[in-house]
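Here is a friendly briefing on one protein model, covering a strand and its partners and then a pocket. Please keep the structure open while you read.

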Amino acid sequence: MTNLNQPILDRALANGIALEMQGDVAVVRLCRPAKRNALNDGLIEALRDVFQNLPAEARAAVIHGEGDHFCAGLDLSELKERDASEGIFHSRGWHVALNAVEQGRVPVVAALHGAVVGGGLELASAAHIRVADESTFYALPEGTRGIFVGGGGGSVRVPKLIGAARMTDMMLTGRVYNAVDGERVGLAQYLVPNGGALAKAIELASRIATNAPMTNFALTHALPRIAEQPADHGLFTEALVASIAQAAPEAKARVRAFLEGKAAKVQKAD
(Lines give C-alpha, C1' and ligand atoms only; values in the text may rest on other atoms or scores of the structure.)
Protein backbone atom coordinates (compact mmCIF):
# COMPACT_ATOMS: atom_id res chain seq x y z
CA MET A 1 0.00 0.00 0.00
CA THR A 2 1.38 3.36 -1.07
CA ASN A 3 0.91 6.25 1.31
CA LEU A 4 -1.04 9.14 -0.12
CA ASN A 5 1.47 11.86 -0.91
CA GLN A 6 1.07 15.59 -1.47
CA PRO A 7 1.05 15.53 -5.29
CA ILE A 8 -1.82 13.01 -5.23
CA LEU A 9 -3.66 15.11 -2.63
CA ASP A 10 -3.19 18.29 -4.64
CA ARG A 11 -4.35 16.66 -7.87
CA ALA A 12 -7.34 15.11 -6.12
CA LEU A 13 -8.35 18.43 -4.56
CA ALA A 14 -8.14 20.17 -7.94
CA ASN A 15 -10.63 17.59 -9.22
CA GLY A 16 -13.07 17.79 -6.34
CA ILE A 17 -11.86 15.29 -3.72
CA ALA A 18 -10.32 16.23 -0.37
CA LEU A 19 -8.91 13.91 2.29
CA GLU A 20 -8.39 14.57 5.99
CA MET A 21 -7.24 12.07 8.59
CA GLN A 22 -9.15 12.09 11.88
CA GLY A 23 -7.14 9.67 13.97
CA ASP A 24 -7.18 6.41 12.05
CA VAL A 25 -10.26 7.38 9.99
CA ALA A 26 -9.76 8.77 6.48
CA VAL A 27 -12.48 11.38 5.86
CA VAL A 28 -12.98 11.82 2.10
CA ARG A 29 -15.02 14.81 0.95
CA LEU A 30 -16.66 15.50 -2.39
CA CYS A 31 -16.05 19.23 -2.80
CA ARG A 32 -17.97 20.51 -5.81
CA PRO A 33 -20.85 22.11 -3.89
CA ALA A 34 -21.71 24.55 -6.69
CA LYS A 35 -22.40 21.50 -8.88
CA ARG A 36 -24.19 19.61 -6.07
CA ASN A 37 -21.10 17.37 -6.07
CA ALA A 38 -22.03 16.00 -9.48
CA LEU A 39 -19.66 13.37 -10.85
CA ASN A 40 -17.30 13.95 -13.76
CA ASP A 41 -14.23 12.12 -15.03
CA GLY A 42 -11.81 14.24 -12.99
CA LEU A 43 -13.63 13.61 -9.72
CA ILE A 44 -13.95 9.89 -10.42
CA GLU A 45 -10.22 9.60 -11.19
CA ALA A 46 -9.43 11.51 -7.99
CA LEU A 47 -11.72 9.20 -6.01
CA ARG A 48 -9.89 6.20 -7.47
CA ASP A 49 -6.46 7.62 -6.65
CA VAL A 50 -7.41 8.46 -3.06
CA PHE A 51 -8.98 5.10 -2.23
CA GLN A 52 -6.23 3.12 -3.96
CA ASN A 53 -3.60 5.01 -1.95
CA LEU A 54 -5.05 5.62 1.50
CA PRO A 55 -2.51 6.48 4.22
CA ALA A 56 -1.12 3.40 5.92
CA GLU A 57 -2.57 4.49 9.27
CA ALA A 58 -6.15 4.51 7.92
CA ARG A 59 -8.25 1.67 9.35
CA ALA A 60 -11.65 2.93 8.17
CA ALA A 61 -12.96 5.67 5.89
CA VAL A 62 -15.90 8.05 5.63
CA ILE A 63 -17.12 9.64 2.41
CA HIS A 64 -19.40 12.69 2.44
CA GLY A 65 -20.40 15.67 0.33
CA GLU A 66 -19.73 19.36 0.91
CA GLY A 67 -22.67 21.75 0.78
CA ASP A 68 -26.36 20.89 0.65
CA HIS A 69 -26.10 17.53 -1.11
CA PHE A 70 -24.14 14.31 -1.01
CA CYS A 71 -24.09 13.88 -4.79
CA ALA A 72 -26.70 14.76 -7.42
CA GLY A 73 -25.38 12.29 -10.00
CA LEU A 74 -23.62 12.73 -13.31
CA ASP A 75 -22.54 16.22 -14.37
CA LEU A 76 -24.66 16.31 -17.52
CA SER A 77 -22.88 19.44 -18.73
CA GLU A 78 -19.84 17.23 -19.36
CA LEU A 79 -21.76 14.39 -21.01
CA LYS A 80 -20.12 13.47 -24.31
CA GLU A 81 -21.34 11.47 -27.27
CA ARG A 82 -19.51 8.16 -27.51
CA ASP A 83 -19.82 5.16 -29.75
CA ALA A 84 -20.49 1.78 -28.15
CA SER A 85 -16.85 0.78 -27.71
CA GLU A 86 -15.89 4.17 -26.25
CA GLY A 87 -18.84 3.94 -23.87
CA ILE A 88 -17.81 0.51 -22.64
CA PHE A 89 -14.23 1.59 -21.89
CA HIS A 90 -15.43 4.77 -20.19
CA SER A 91 -17.87 2.85 -18.02
CA ARG A 92 -15.26 0.27 -17.08
CA GLY A 93 -12.92 3.07 -15.99
CA TRP A 94 -15.57 4.35 -13.58
CA HIS A 95 -16.10 0.80 -12.33
CA VAL A 96 -12.43 0.70 -11.29
CA ALA A 97 -12.91 3.82 -9.18
CA LEU A 98 -16.00 2.61 -7.34
CA ASN A 99 -14.48 -0.83 -6.90
CA ALA A 100 -11.63 0.94 -5.10
CA VAL A 101 -14.22 2.19 -2.60
CA GLU A 102 -16.04 -1.12 -2.14
CA GLN A 103 -13.08 -3.47 -2.44
CA GLY A 104 -10.35 -1.39 -0.86
CA ARG A 105 -8.29 -2.05 2.24
CA VAL A 106 -10.69 -0.53 4.80
CA PRO A 107 -14.45 -0.43 5.48
CA VAL A 108 -16.18 2.71 4.18
CA VAL A 109 -19.11 4.57 5.76
CA ALA A 110 -21.07 7.03 3.59
CA ALA A 111 -22.63 10.09 5.25
CA LEU A 112 -25.67 11.08 3.18
CA HIS A 113 -27.72 14.26 3.02
CA GLY A 114 -29.74 16.06 0.39
CA ALA A 115 -29.60 14.54 -3.08
CA VAL A 116 -28.35 10.97 -3.42
CA VAL A 117 -29.33 10.72 -7.04
CA GLY A 118 -28.19 8.67 -10.05
CA GLY A 119 -24.45 8.26 -9.85
CA GLY A 120 -24.62 9.60 -6.29
CA LEU A 121 -26.69 6.58 -5.28
CA GLU A 122 -24.29 4.33 -7.19
CA LEU A 123 -21.40 5.84 -5.20
CA ALA A 124 -23.26 5.51 -1.90
CA SER A 125 -24.04 1.87 -2.65
CA ALA A 126 -20.30 1.18 -3.00
CA ALA A 127 -19.85 2.02 0.69
CA HIS A 128 -20.31 -0.70 3.29
CA ILE A 129 -22.52 1.32 5.66
CA ARG A 130 -24.76 4.28 4.83
CA VAL A 131 -25.91 6.92 7.33
CA ALA A 132 -28.61 9.31 6.10
CA ASP A 133 -29.98 12.44 7.69
CA GLU A 134 -33.61 13.54 7.34
CA SER A 135 -32.88 15.77 4.33
CA THR A 136 -31.78 12.80 2.20
CA PHE A 137 -33.68 11.74 -0.91
CA TYR A 138 -32.86 9.00 -3.40
CA ALA A 139 -33.61 8.69 -7.11
CA LEU A 140 -32.42 6.96 -10.29
CA PRO A 141 -33.65 9.29 -13.06
CA GLU A 142 -31.60 7.63 -15.81
CA GLY A 143 -34.60 5.65 -17.02
CA THR A 144 -36.60 8.81 -17.72
CA ARG A 145 -33.61 10.42 -19.46
CA GLY A 146 -33.15 7.70 -22.03
CA ILE A 147 -30.03 6.18 -20.48
CA PHE A 148 -29.13 3.28 -18.20
CA VAL A 149 -26.96 3.11 -15.10
CA GLY A 150 -23.51 2.11 -16.25
CA GLY A 151 -20.73 4.17 -14.75
CA GLY A 152 -20.99 3.38 -11.08
CA GLY A 153 -22.10 -0.23 -10.99
CA GLY A 154 -25.59 0.66 -9.82
CA SER A 155 -27.27 -2.24 -11.61
CA VAL A 156 -25.08 -4.60 -9.55
CA ARG A 157 -25.03 -2.88 -6.16
CA VAL A 158 -28.42 -1.20 -5.74
CA PRO A 159 -30.50 -4.38 -6.25
CA LYS A 160 -28.45 -6.01 -3.49
CA LEU A 161 -29.69 -3.28 -1.15
CA ILE A 162 -33.35 -2.98 -2.14
CA GLY A 163 -34.07 -5.74 -4.67
CA ALA A 164 -34.36 -5.62 -8.44
CA ALA A 165 -38.10 -4.88 -8.37
CA ARG A 166 -37.70 -1.66 -6.36
CA MET A 167 -34.80 -0.51 -8.53
CA THR A 168 -36.86 -1.24 -11.65
CA ASP A 169 -39.70 0.86 -10.22
CA MET A 170 -37.32 3.76 -9.49
CA MET A 171 -35.98 3.75 -13.03
CA LEU A 172 -39.24 3.11 -14.89
CA THR A 173 -41.34 5.65 -12.99
CA GLY A 174 -38.80 8.13 -11.63
CA ARG A 175 -39.87 7.32 -8.08
CA VAL A 176 -38.09 9.32 -5.38
CA TYR A 177 -37.59 7.88 -1.90
CA ASN A 178 -37.39 10.22 1.07
CA ALA A 179 -35.06 9.60 3.99
CA VAL A 180 -37.55 7.62 6.09
CA ASP A 181 -38.70 5.34 3.27
CA GLY A 182 -35.12 5.00 2.03
CA GLU A 183 -34.01 3.59 5.36
CA ARG A 184 -37.08 1.34 5.47
CA VAL A 185 -36.29 -0.32 2.14
CA GLY A 186 -32.54 -0.62 2.82
CA LEU A 187 -30.88 2.32 1.08
CA ALA A 188 -29.40 3.35 4.45
CA GLN A 189 -28.80 1.48 7.69
CA TYR A 190 -28.99 4.55 9.93
CA LEU A 191 -31.27 7.60 9.93
CA VAL A 192 -30.31 10.65 12.01
CA PRO A 193 -31.58 14.23 12.40
CA ASN A 194 -30.66 16.88 9.84
CA GLY A 195 -26.97 17.73 9.91
CA GLY A 196 -26.03 14.65 11.93
CA ALA A 197 -24.95 12.19 9.24
CA LEU A 198 -21.25 13.07 9.14
CA ALA A 199 -20.79 12.95 12.92
CA LYS A 200 -22.59 9.61 13.12
CA ALA A 201 -20.56 8.23 10.20
CA ILE A 202 -17.29 9.25 11.84
CA GLU A 203 -18.47 7.73 15.13
CA LEU A 204 -19.21 4.42 13.39
CA ALA A 205 -15.96 4.49 11.40
CA SER A 206 -13.97 5.17 14.58
CA ARG A 207 -15.62 2.15 16.19
CA ILE A 208 -14.94 0.02 13.10
CA ALA A 209 -11.30 1.12 13.14
CA THR A 210 -10.84 -0.57 16.53
CA ASN A 211 -11.67 -3.99 15.07
CA ALA A 212 -8.97 -6.42 14.03
CA PRO A 213 -7.96 -5.45 10.46
CA MET A 214 -8.30 -9.00 9.13
CA THR A 215 -11.82 -9.26 10.54
CA ASN A 216 -12.78 -6.02 8.79
CA PHE A 217 -11.20 -7.27 5.58
CA ALA A 218 -13.09 -10.56 5.82
CA LEU A 219 -16.39 -8.75 6.38
CA THR A 220 -15.96 -6.40 3.43
CA HIS A 221 -14.37 -8.86 0.99
CA ALA A 222 -15.38 -12.41 1.95
CA LEU A 223 -18.90 -11.93 3.28
CA PRO A 224 -20.36 -10.44 0.05
CA ARG A 225 -18.87 -13.31 -1.95
CA ILE A 226 -20.08 -15.96 0.51
CA ALA A 227 -23.59 -14.50 0.31
CA GLU A 228 -23.62 -15.13 -3.46
CA GLN A 229 -22.16 -18.63 -3.35
CA PRO A 230 -24.13 -21.88 -3.24
CA ALA A 231 -24.57 -22.94 0.38
CA ASP A 232 -21.97 -25.71 0.29
CA HIS A 233 -19.39 -23.42 -1.31
CA GLY A 234 -20.23 -20.66 1.14
CA LEU A 235 -19.77 -22.90 4.15
CA PHE A 236 -16.38 -24.04 2.88
CA THR A 237 -15.31 -20.43 2.20
CA GLU A 238 -16.53 -19.45 5.67
CA ALA A 239 -14.34 -22.13 7.25
CA LEU A 240 -11.28 -20.92 5.35
CA VAL A 241 -11.83 -17.24 6.09
CA ALA A 242 -12.65 -17.85 9.77
CA SER A 243 -9.45 -19.86 10.18
CA ILE A 244 -7.36 -17.12 8.57
CA ALA A 245 -8.97 -14.35 10.64
CA GLN A 246 -8.63 -16.26 13.91
CA ALA A 247 -4.96 -16.99 13.22
CA ALA A 248 -4.04 -13.30 13.24
CA PRO A 249 -2.07 -12.31 16.38
CA GLU A 250 -4.47 -9.48 17.20
CA ALA A 251 -7.44 -11.85 17.01
CA LYS A 252 -5.74 -14.32 19.34
CA ALA A 253 -5.09 -11.55 21.84
CA ARG A 254 -8.72 -10.40 21.73
CA VAL A 255 -10.08 -13.92 22.23
CA ARG A 256 -7.67 -14.41 25.13
CA ALA A 257 -8.87 -11.18 26.74
CA PHE A 258 -12.48 -12.31 26.40
CA LEU A 259 -11.75 -15.71 27.95
CA GLU A 260 -9.95 -14.00 30.83
CA GLY A 261 -12.91 -11.71 31.46
CA LYS A 262 -11.05 -8.59 30.39
CA ALA A 263 -13.15 -7.76 27.34
CA ALA A 264 -16.32 -5.67 27.41
CA LYS A 265 -19.52 -7.71 27.32
CA VAL A 266 -22.34 -7.11 24.86
CA GLN A 267 -24.98 -4.82 26.35
CA LYS A 268 -28.61 -4.34 25.45
CA ALA A 269 -29.07 -1.51 22.92
CA ASP A 270 -30.64 1.74 24.10
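This is a predicted model: local features need pLDDT of at least 70, side-chain atom pairs count only at pLDDT 80 or more; totals for chains, interfaces and linings use all residues.

Residues are numbered from 1 along each chain as its sequence is written, and side-chain values use heavy atoms, with hydrogens and water left out.

- Strands here are DSSP runs of E with at least two residues, and helices are runs of H or I with at least four, numbered from the N terminus.
- In β6 (residues 129-133), four of the five residues are buried, meaning under 20% relative accessible area with a 1.4 Å probe and protein chains only.
- Strand β4 (residues 108-112) runs parallel to β6, joined by four bridges; two strands pair if DSSP finds at least two bridges between them.
- In that pairing, I129 of β6 has V109 opposite.
- Strand β9 (residues 190-192) also pairs with β6 in the parallel sense, over three bridges, and V192 in β9 stands opposite D133.

**The largest pocket**

- A pocket is an open set of points on a 1 Å grid over the protein atoms alone, where a 1.4 Å probe fits, with protein on both sides within 12 Å along at least five of seven lines; lining residues have an atom within 4 Å of a point.
- The largest pocket holds about 720 Å³, a volume being the space filled by probe spheres set on the points.
- Its lining has 29 residues, with E102, S125, R157, K160 and P224 nearest the centre.
- Two or more lining residues come from each of α3 (84-102), α4 (119-126), α5 (154-162) and α9 (213-228).
- Helix α9 gives the most, with eight residues.

Note on methods:
Buried means under 20% relative accessible area, exposed over 50%, partly exposed in between (1.4 Å probe, protein chains only).
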